[in-house]
Amino acid sequence: VVPACAAIALIKTGSFNDENGDGSAQAGETIDYTFRIENTGLNVTLTNITVTDSLVTVLGGPLASLAPGAVDNSTFTASYTLTQADVDNRSVTNQATVTGNYTDENGVAQTATDLSDDNSNQEDDPTVTTFVSCTAGASTDGNPTPTDSDGDGINDGNEVNTCEYGENGKLCTDPTEIDSDSDGVNDGEEI
């Protein structure tokens with residue numbers, strides 16, 4: 001009797017969807033997840049394969065069977081809607097789990113399980129989906145948007161915009177860096 005050598009691997013990838021096309025993430029925009037499952041075992045076909053994820057509802061499946069060496073990258077998908085906390089963190093991190101069933105050499109039902117990795121069958125690193133975000137008062141067009149933290153209707157110069165740095169460099173301008181009349185102070189009108 002040849003011993004059953006069963007194993008399964010899951011790679012989870014995330015892709016940020018900039019639905020409004022402004023180059024910056026906002027709450028309500030989404031991340032699409034894809035799941036690549038491979039039967040990495042040597043001599044056992046896995047059956048009733050499922051993917052679970054604590055962050056999202058995984059659609060698709062269960063996958064009826066997967067032969068040794070076979071790959072499935074289209075059965076399971078998921079989508080996640082960004083929260084403001086995600087936007088503030090500029091990333092979403094999580095993992096999924098894949099489970100497949102098989103019968104061992106003694107006729108006993110067994111399970112093969114794997115935590116997802118972001119790019120390898122050999123690791124179990126969480127998937128981190130990053131994106132650019134400009135926080136309140138910031139602009140993606142290179143021009144500052146006045147911030148009015150004291151609610152007086154005026155950017156007094158000490159009400160600082162925040163900026164994020166992305167793949168293309170600085171995405172917005174801090175008004176304290178602008179002093180067009182060279183008096184050493186952003187007077188609130190220099191935006």
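Reply: Happy to. Two strands count as paired if DSSP finds at least two bridges between them. One thing to keep in mind throughout is that this is a predicted model.

Me: Good. So which residue stands opposite Thr-47?

Reply: That would be Ser-65, which lies in β4. The pairing of β3 with β4 is antiparallel and runs over three bridges.

Me: And how many bridges join β3 to β8?

Reply: Five, and those two strands run antiparallel as well. Val-51 faces Val-98 of β8, and Thr-52 has Thr-97 in β8 as its bridge partner.

Me: What is the strand order in the open sheet?

Reply: It goes β4-β3-β8-β9, four strands with antiparallel pairing. β4 and β9 (109–115) are the edges, each pairing on one side only. From one strand to the next, the twist averages 35°.

Me: What does Thr-113 touch, leaving aside its neighbours within four places?

Reply: Thr-113 is in contact with Ile-8, Thr-97, Val-98 and Thr-99.

Me: Now the inside. How many residues are in the largest nonpolar core?

Reply: It has 26, and the ones with the most contacts inside it are Tyr-33, Phe-35, Ile-37, Ile-49, Val-51 and Leu-82. The elements giving two or more residues to this core are β1 (8–17), β2 (30–39), β3 (46–53), β4 (63–66), β6 (77–81) and β8 (96–103).

Me: Which of them gives the largest share?

Reply: β2, with four residues.

Me: What does Leu-82 touch, beyond four places in sequence?

Reply: Quite a list: Phe-16, Ala-25, Gln-26, Ala-27, Gly-28, Glu-29, Ile-31, Val-87, Val-92 and Phe-131.

Me: Loops next. Where is Val-56, and is it buried or exposed?

Reply: Val-56 is in the loop between β3 and β4. It counts as buried because its relative accessibility is 8%, and the cut-off is under 20%. Beyond four places in sequence, Val-56 touches Tyr-33, Ala-78, Ser-79 and Tyr-80. Tyr-33 is one of the core residues with the most contacts. From Val-56 to Thr-77, 21 residues along the chain, the C-alpha separation is 9.7 Å.

Me: I was checking backbone geometry too. Is the peptide bond from Gly-61 to Pro-62 cis or trans?

Reply: It is cis, with omega near 0°. Pro-62 is in the loop between β3 and β4, where Val-56 is also placed.

Me: And what is the phi of Asn-48?

Reply: It is positive, about 50°, although Asn-48 is not a glycine. Asn-48 belongs to strand β3, and at 40% relative accessibility it counts as partly exposed. Arg-90 is another non-glycine with a positive phi, about 60° in its case. Arg-90 lies in the loop between α1 (84–89) and β7 (91–94) and is partly exposed, with a relative accessible area of 34%.

Me: Last topic: confidence. What is the average pLDDT?

Reply: The average is 81, with 70% of the residues scoring at least 70. Over residues 136–148 the pLDDT stays under 50, and the model has 35 contacts beyond four places in sequence for them. Residues 153–157 are also below 50, with 16 contacts beyond near neighbours in sequence.

Me: And what percentage of the residues count as buried?

Reply: 35% of the 191 residues. The protein exposes about 9900 Å², of which carbon and sulfur atoms supply 47%.

How values were computed. Residues are numbered from 1 along each chain as its sequence is written. This is a predicted model: local features need pLDDT of at least 70, side-chain atom pairs count only at pLDDT 80 or more; totals for chains, interfaces and linings use all residues. Side-chain values use heavy atoms; hydrogens and water are left out. A nonpolar core is a set of buried Ala, Val, Leu, Ile, Met, Phe, Trp, Tyr and Cys residues joined through side-chain atoms within 4.5 Å. Buried means under 20% relative accessible area, exposed over 50%, partly exposed in between (1.4 Å probe, protein chains only). Contact means heavy atoms within 4.5 Å. pLDDT is the predictor's confidence in each residue, from 0 to 100. Accessible areas come from the Shrake-Rupley method with a 1.4 Å probe; for residues, only the protein chains shown count as cover. Axes are lines fitted to C-alpha atoms, for helices over the stretch in contact, and angles run from 0 to 180 degrees between N-to-C directions.
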